[in-house]
Amino acid sequence: MEPEQPSPDTEQESLHTEPHLPPPTLWPIGFAIGIVVVLVGLIINPELISSIGGVIAIVFGFLWARDATAELRGEPLVIEPERRETREAGEGMTAPPADQQGVALPVVPDTAVTRSRFLEGATLGLGGVIGGVITVPVAGFALLPSFLSQKQHKVDLGPLDAFPLGEWFVATFTVDPAQGEVSRRTAFIRNNGTAPDPKTKKPVPSFTIISNRCAHLGCPVQANGPTGAILGKKTVTEHTKNGKVKLDPVVPAGYGCPCHGGQYDVEGNRTAGPPVRALDRYSFEIDNGRLILLSTYSVSHVVGTGADAKIYKYKQAGPGEHVDGPEQWLYPLQPPHH
Amino acid sequence: MAVRRKPTKAELRRQKMEELVMYPVDWLEERSGLIGGVRYFLFRNVPADINWMQTLGSAALTAFLVQAITGVILAMYYTPSAATDPATGKPVAWESIVNITDHLFMGWLVRGMHRWGASVFIILMFLHMGRVFLFGAYKYPRELNWIIGVLILVMGMMEGFTGYLLPWDQTAYWATVVGINLNGTAPFLGPWLAQFLRGGQEIGGETLTRFYSLHMLVIPGAIIALITLHLYLVIRLGVTSPPWSKDAAGREPVEDESPARAGLTRPVPHAEPGGRQ
């Protein structure tokens with residue numbers, strides 16, 4: 001320490017030895033909040049919210065006025081001395097450097113909240129608040145719409161007469177006509193006649209409806225077998241609520257994927273290649289004698305065929321995701337699906 | 001000292017011209033310091049025994065700039081809409097690509113530059129990476145720049161993935177189906193990532209607009225920021241000599257323990273903690 005040669009720091013500090021204004025106070029902020037509550041209350045509920053705001057404003061206004069007039073009323077003024085941090089600080093206390101007037105500055109603990117520290121904190125804090133206020137809605141808008149209000153589309157495949165007992169069809173249809181061709185899907189459909197309902201034991205219509213989305217990475221699986229013209233049968237085109245629905249007769253020996261060679265048997269069980277499970281299936285309902293496709297579900301494997309098939313059903317999972325076995329624990333939480 | 005000869009007329013004219021040319025440069029320099037900054041950036045000292053391999057980074061940067069410029073122009077004509085054009089029954093996005101390629105003046109060229117330049121950018125990044133690896137230029141104190149470079153490579157690949165969908169044809173669609181489902185098989189958050197990328201449960205118009213925004217705004221912004229950091233560190237740390245450099249080898253061992261070791265041409269001045277310069 002060289003008191004004879006004041007460093008630029010101590011010179012600066014000497015500027016701060018002049019009388020201080022009262023230290024910053026938080027009362028006006030409370031007062032402002034009260035006013036805001038009054039104004040918001042005028043819109044929402046003038047009687048309740050505005051009076052709450054009024055009380056807040058009056059209380060904080062009184063405290064503010066009391067604080068501001070402390071000097072006039074002769075109360076001892078508590079002034080936080082303002083100082084820069086000095087490098088010679090030791091043991092938590094700052095030694096008062098002698099300045100030109102010889103008036104020693106009061107000793108301030110290093111932890112004291114000075115004006116500059118308060119402003120620094122306030123700037124950082126306000127910046128953080130502003131950043132948060134902007135980031136939260138923007139990030140929410142970027143992320144959440146993909147997951148919220150996902151609609152289930154019902155697909156009308158037309159009257160049941162088009163599906164003779166035991167015959168396979170390749171059905172193509174647009175799930176969401178508003179989206180157009182990009183929502184075109186394909187399913188392999190067979191009418192199994194009737195099967196007893198598992199609960200009521202009454203016979204109910206049974207259909208096998210296999211999605212052609214490969215359980216490997218989602219490419220379009222094709223039926224291995226002759227279709228329409230080769231079989232000497234006509235392709236049926238229907239116009240339903242879902243636009244054009246095409247039903248192409250087929251005799252599949254199984255299904256194969258053009259992308260990476262995944263192979264499935266006629267019930268959709270994986271027989272070869274990289275898929276991790278059987279092909280997905282559509283649930284369905286019969287409405288006024290029409291076949292309506294509902295959402296899809298995933299299948300690990302199928303035992304038996306047709307109406308007697310035992311289907312190991314799982315919640316819809318994405319292609320390439322295991323639904324059974326130890327690997328299923330890799331996908332514990334599925335995003336919301338229809 | 002010789003007696004100063006009176007300048008000839010030609011010399012005077014030349015002097016005047018120089019003043020005229022230098023005036024705006026000086027004006028700018030005085031107010032911004034930019035000229036000095038550009039000189040500092042471009043006219044750096046480098047080791048004497050560097051070779052053409054060390055231009056691969058600049059080549060990759062140039063490839064990125066080509067992508068940025070051609071991309072900006074393509075964005076003026078491209079329409080990221082999956083809607084069907086009622087007049088033709090074809091998707092609007094695909095038609096706008098056809099329009100760029102077949103009908104607009106030089107559109108085939110600019111689209112071709114963007115399409116092939118994408119591969120050039122990736123290839124140059126890999127070559128640059130290989131050079132840095134073989135030269136050992138990723139070692140202390142340049143590890144951080146290696147990491148930033150890897151991030152740029154990842155971002156470049158994301159550009160490739162998102163840009164591939166934009167022509168909105170069968171190849172684009174199915175490649176994106178497979179790409180998104182690949183992401184979907186990542187453990188735990190994979191299905192969520194896939195659904196975020198699709199903008200819903202299925203690929204559709206929202207996927208296209210989303211990929212377009214990522215492709216031309218989000219990822220390029222990130223790449224520009226990362227390239228800025230990358231260049232800052234190149235300038236700060238200097239260029240490495242090749243491993244066979246006799247020059248650099250002769251300088252070892254260095255007495256100074258500063259980061260300015262073998263191959264570092266500009267010693268980083270030791271900043272005293274809390275000291276003022």
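**Entry 1: confidence in chain A**

In chain A, where is confidence lowest, and where is it highest? I began with this because the model is a predicted one, and where pLDDT is low, the predicted coordinates should not be read in detail. I found the lowest confidence of chain A in helix H1(A), residues 8–15, at a mean of 47. The highest is in strand S9(A), residues 263–264, at 97. For chain A as a whole I noted a mean pLDDT of 84, with 83% of its residues reaching 70 or more. I then looked up residues 6–14 of chain A, over which pLDDT stays under 50. For that stretch the model has eleven contacts beyond four places in sequence.

**Entry 2: confidence in chain B and in the whole model**

I recorded an average pLDDT of 89 for chain B, where 88% of the residues score at least 70. Residues 253–264 of chain B are a stretch with pLDDT below 50. Beyond near neighbours in sequence, I found 20 contacts for this stretch in the model. The scores of the model are ipTM 0.77 and pTM 0.75.

**Entry 3: where the chains touch**

I next looked up the contact between the two chains. It brings 24 residues of chain B together with 24 residues of chain A. On the chain B side, the elements that give two or more residues are helix H7(B), residues 170–184, and helix H8(B), residues 190–198. H7(B) provides the largest share of that side, six residues. I sorted the side of chain B that touches chain A by class and noted 13 nonpolar, ten polar and one charged residues.

**Entry 4: two helices of chain A**

Two packed helices are described by the angle between their axes and the distance between the axes. I looked up both values for helix H2(A), residues 27–44, and helix H3(A), residues 48–68: the axes come within 7 Å and cross at roughly 160°. This angle makes H2(A) roughly antiparallel to H3(A), because angles over 145 degrees are counted in that class. I recorded the crossing of H2(A) and H3(A) as left-handed. The residues of their contact divide into 17 nonpolar, seven polar and one charged.

**Entry 5: two helices of chain B**

How far apart are the axes of H6(B) and H7(B), and at what angle do these helices pack? I found 8 Å between the axes and an angle of about 135° for H6(B), residues 143–165, and H7(B). H6(B) is therefore oblique to H7(B). From H6(B), the residues Phe161(B), Tyr164(B) and Leu165(B) take part in the contact. From H7(B), I listed Ala172(B), Ala175(B), Thr176(B) and Gly179(B). By class, this contact has five nonpolar, two polar and no charged residues.

**Entry 6: an open sheet in chain A**

I traced an open sheet of four strands in chain A, in the order S5-S8-S9-S10 and with antiparallel pairing. Strand S5(A), residues 222–223, and strand S10(A), residues 270–272, stand at the edges with a single partner strand each, so one side of each has no neighbour in the sheet. S5(A) pairs with S8(A), residues 255–256, over two bridges in the antiparallel sense. I noted that Gln222(A) has Gly256(A) in S8(A) as its bridge partner.

**Entry 7: two hairpins in chain A**

Strand S3(A), residues 184–196, and strand S4(A), residues 203–211, run antiparallel and are joined by eight bridges. Opposite Arg190(A) I found Thr208(A) in S4(A). These strands form a hairpin with six residues between them, and Lys201(A) in the turn has a positive phi of about 65°.

I then looked up strand S12(A), residues 290–303, and strand S13(A), residues 310–314, which run antiparallel with four bridges joining them. Ser298(A) stands opposite Tyr314(A) in S13(A). This hairpin has six residues between S12(A) and S13(A), and Gly304(A) in its turn has a positive phi of about 85°.

**Entry 8: backbone details in chain B**

Most residues other than glycine have a negative phi, and most peptide bonds are trans. Met106(B) is a residue other than glycine with a positive phi, near 65°; I located Met106(B) in the loop between H4(B) and H5(B). Tyr140(B) and Pro141(B) are joined by a cis peptide bond, with omega about 5°. Pro141(B) lies in the loop between H5(B) and H6(B).

Conventions: Residues numbered from 1 in each chain as written. Chains lettered and ligands numbered in written order. Predicted model: local features only at pLDDT ≥ 70, side-chain atom pairs only at ≥ 80, totals over all residues. Contact = placed C-beta atoms within 7 Å. Nonpolar A, V, L, I, M, F, W, Y, C, P; charged D, E, K, R; others polar. Axes fitted to C-alpha atoms, helices over the stretch in contact; angles between N-to-C directions. Parallel < 35°, antiparallel > 145°, perpendicular 65-115°, else oblique. Left-handed = near helix turned anticlockwise from the far one by under 90°. pLDDT = per-residue confidence, 0-100. Pairing = 2+ DSSP bridges.
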